[in-house]
Amino acid sequence: MALVLTEEQDLLKQTAREFVQEKSPVAELRRLRDSVDATGFDGGLWKEMAELGWASVIYPEEFGGMDLGTMELGQIFEECGRTLVAQPLLSTVVLAGGCVLAGGNETQKKDVLTAVAGGERLLALALQEGPHYDPLAVTLQAEEAGGGYRLTGSKTFVLDGHVAEQLVVVARTSGSAGDRDGLTLFLVDAGASGVSVTRTLTVDGRNSANIDFAGVEVERSAVIGEVDAGADVLEPALDRATALLAAEMLGTASEAFDRALEYLKTREQFGVVIGSFQGLKHRAADMFVELELSKSIVLEALTAIDAGAPDASALVSCAKARCNDTLFQVGNEAVQMFGGIGVTDEEEIGFFMKRARVLQFTLGNSSFHRDRFAALEGF
Amino acid sequence: MADLETFRQETRDWIETNCPPPMREKVESPDEIEWGGRAAQGRTDDRKLWLDRMGEKGWTCPTWPSEYGGGGLSKEEAKVLQEELRAAHARPALTSFGISMLGPALLEYASEEQKKHFLPQIVKGEIWWCQGYSEPGSGSDLASLQTRAEDKGDHFLVNGQKIWTSYADKSDWIFCLVRTNTEVPKHDGISFLLFDMASPGVTVSPIQLISGSSPFCQTFFENVKVPKDQLIGQLNGGWTIAKRLLQHERSMIGGMGLGLGGGSSRGTPEIAKEYRGERNGQIADPVVRADVAQLQMDARCFTTTLRRTAEEAKAGMPPGPASSIFKLYGTEMNKRRHETLVSIMGSQALGWEGEGFTAEELGETRDWLRSFGNSIEGGTSEVQLNIIAKRVLGLPD
């Protein structure tokens, strides 16, 4: 198990860092937010990222991919987390694209993954139905109709659902909410009749969507994987996505911490820098320890995914819960340490705190992952 | 790799032949731990036999150079040895502050002559070492220590008092911080001395802790004569050695937080199921279950961080602030685990001794009480936070 980056991985990380620092600093997120940009992200930059191979790091070469590991993609996610990059990397490549990669047939993979790899198609995963993440709680109905299926129900908090051209929809074909069996994944055109998309603006300046499916007719060939066995496809895709999101959160938390630390070293009150006060020093040191633990467990989760380790799912939950808690602590503490300027919109630290909360609730908060970890560990 | 496999097979055979069967049974009480020392020399029991055989191979200190009595093993071989010992359920042949604290410092700072003299004794467990650091007036502010060592020409004359000297009442020798210059800033007047606890003028009195008995003592020095060749490193250069040794100590104490089941050999989840009930294979009480899950996850993050640090060192990366993090997090986690276990066991964890409580329950009570000291000894949690803030984060005084 490698908890230290190889030279190549380190180089990739450095390259990613330079790229996002130059092309997509936090100011870019502010610009997108303030202009209420029609798409909520810079499509030109997405093309550039795709040209660098970022949209296809984990895809096989036959679909235009780089055929590298989750560990490599994790380095890109971490750096994107540092500058709060608003791009459809998670939604398109890892969540929806990940489901196609994990369960799609050759035709689906060739069509979808090749287009995604080229930066030519945007996807979204329509999974969540209430205010809390719970993948097995799906109730959106898929009934057999004609040769195919008819989808009826609503999805919420569909990341980048407002720009996606195709949706991977998690539907229930049998059983009831909470059952692992009975889920089926469908690949649905966002423009299909009966699909209505409502863009939602979130506190972090990013976008998701509420999507209604009013008797949407799909062909049988739209099924990804096996009918009723969607969880077999969904779970590995979600594990990988969750590990990568944890890597992004590590980057966000590290940057917020670095900024707070810099502020502690420069802001003067009572004639000295405020970082000389023990009341702040200990809190900074505490955060540093949490970040070190977060870094370790993120690296281990990424490694476990690539190795197909039997405890990969438990490690992913461990990593997500840890990053949730660390980012919560660092985000809140950073705002407090910045004092009055910290609660102004002018100072960027607030962007980190708001983004922190969205990231925490995305793909499971800490209580979800504690519960999942305990269940996987047999208690 | 083929060599390593050969080594594994040879090691397995050697353990099979040389580890007496009673030494493969679980250690049931602290009395069964082998500390070596002069008192052990006359014994002929299985414990002594196992110590002698391991000491002869140098395998009590597997990676120390063989010229100093160590095993001379590579890190990979030492790992194999450790794996094989564990697989055979072999008890540690020797537990000693000489191995975990003094030895590494001697390897780094002692003269060749001193290494040749002291290290083989540590390997063979001939001397039981104790540590003379803290004083009644010098706890967190260790460098303010007042125990004096005056230069009397051919020897030092030591006067003063130490506290929290673990096992001073059983130890043969002490490694001790003393003040050799009072005219300079406090860090610059400290020296590192080794001396015999049987020297005239040394007296010891045990300290009882909130957990009942304890290995801690107060140690008094009145005109103790110490030969000059027992000074390690430079005169007045002891603080450098002291700090390095503390790193070893902190790593050791932090690692104790990984006794995952607390005082019991059972895991916390299993204990929680027994005391708080089980429903569908899960701990019935959801709040307890969440607490236990948090502990288990924290422990996982912690062990992964230990491993990452080891891998980074192997990859030649500069050492991070590891020992302070380990000390801080490991001990705080250990305290949290014991508090959780006590709350899970309820009034059954409140017994002091006697009937009405299982051995596991009584053990947990004492371990819980003992854990309060973990975040104090070897530098308090607050001192560790200071160190991280200053040395790692670069925050000013």
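User: Is H155(B) buried, exposed or partly exposed, and why?

Analyst: H155(B) is partly exposed, because 16 other C-beta atoms lie within 10 Å. A residue is called buried with 20 or more other C-beta atoms within 10 Å of its own, exposed with 12 or fewer, and partly exposed in between, the C-beta atoms being placed from the backbone. Please keep in mind that this is a predicted model, in which local features need pLDDT of at least 70 and side-chain atom pairs count only at pLDDT 80 or more, while totals for chains, interfaces and linings use all residues. Residues are numbered from 1 along each chain as its sequence is written, and chains are lettered from A and ligands numbered from 1 in the order in which they are written.

User: Where is H155(B) found, and which residues does it touch?

Analyst: H155(B) is found in strand β3 of chain B, residues 155-163, where strands (E, at least two residues) and helices (H or I, at least four) are DSSP runs numbered from the N terminus. Leaving out residues up to four places away in sequence, H155(B) touches K225(B), V226(B), P227(B) and K228(B), a contact being two C-beta atoms, placed from the backbone, within 7 Å.

User: What confidence does chain B get?

Analyst: The mean pLDDT of chain B is 92, and 96% of its residues reach 70 or more; pLDDT is the predictor's confidence in each residue, from 0 to 100. For the complex, the predictor gives an ipTM of 0.94 and a pTM of 0.89.

User: Now the interface: how many residues does each chain give to it?

Analyst: Chain A gives 32 residues and chain B gives 34. On the side of chain A that touches chain B, the elements giving two or more residues are α7 (230-266), α8 (278-307), α9 (312-338) and α11 (366-376) of chain A, and the largest share, 13 residues, comes from α8(A). That side divides into 18 nonpolar, six polar and eight charged residues, where Ala, Val, Leu, Ile, Met, Phe, Trp, Tyr, Cys and Pro count as nonpolar, Asp, Glu, Lys and Arg as charged, and the others, Gly among them, as polar.

User: And α11(B), what covers its buried residues?

Analyst: The cover includes α8 of chain A together with α9 (322-345) of chain B. Among the buried residues of α11(B) are V383(B), L385(B), I387(B) and I388(B). Helix α11 of chain B has 12 residues, 381-392, and reaches 16 Å from its first C-alpha to its last, close to the 16 Å expected at 1.5 Å a residue, that is, 1.5 Å times one less than the number of residues. G394(B), whose phi is positive, near 70°, follows α11(B).

User: Back to chain A: how is it divided into domains?

Analyst: Chain A has domain 1 (7-120), domain 2 (124-229) and domain 3 (232-376), with bounds from an automatic or database domain assignment. The contact between domain 1 and domain 3 of chain A takes 21 residues from domain 1 and 24 residues from domain 3, and α4(A) supplies the largest share of the domain 1 side, 10 residues.

User: Which residues touch the most other members of the largest nonpolar core?

Analyst: They are C99(A), V168(A), F186(A), A301(A) and A334(A), in a core of 160 residues. Such a core is a set of buried Ala, Val, Leu, Ile, Met, Phe, Trp, Tyr and Cys residues joined through C-beta atoms within 7 Å. Its largest share, 20 residues, comes from α7(A).
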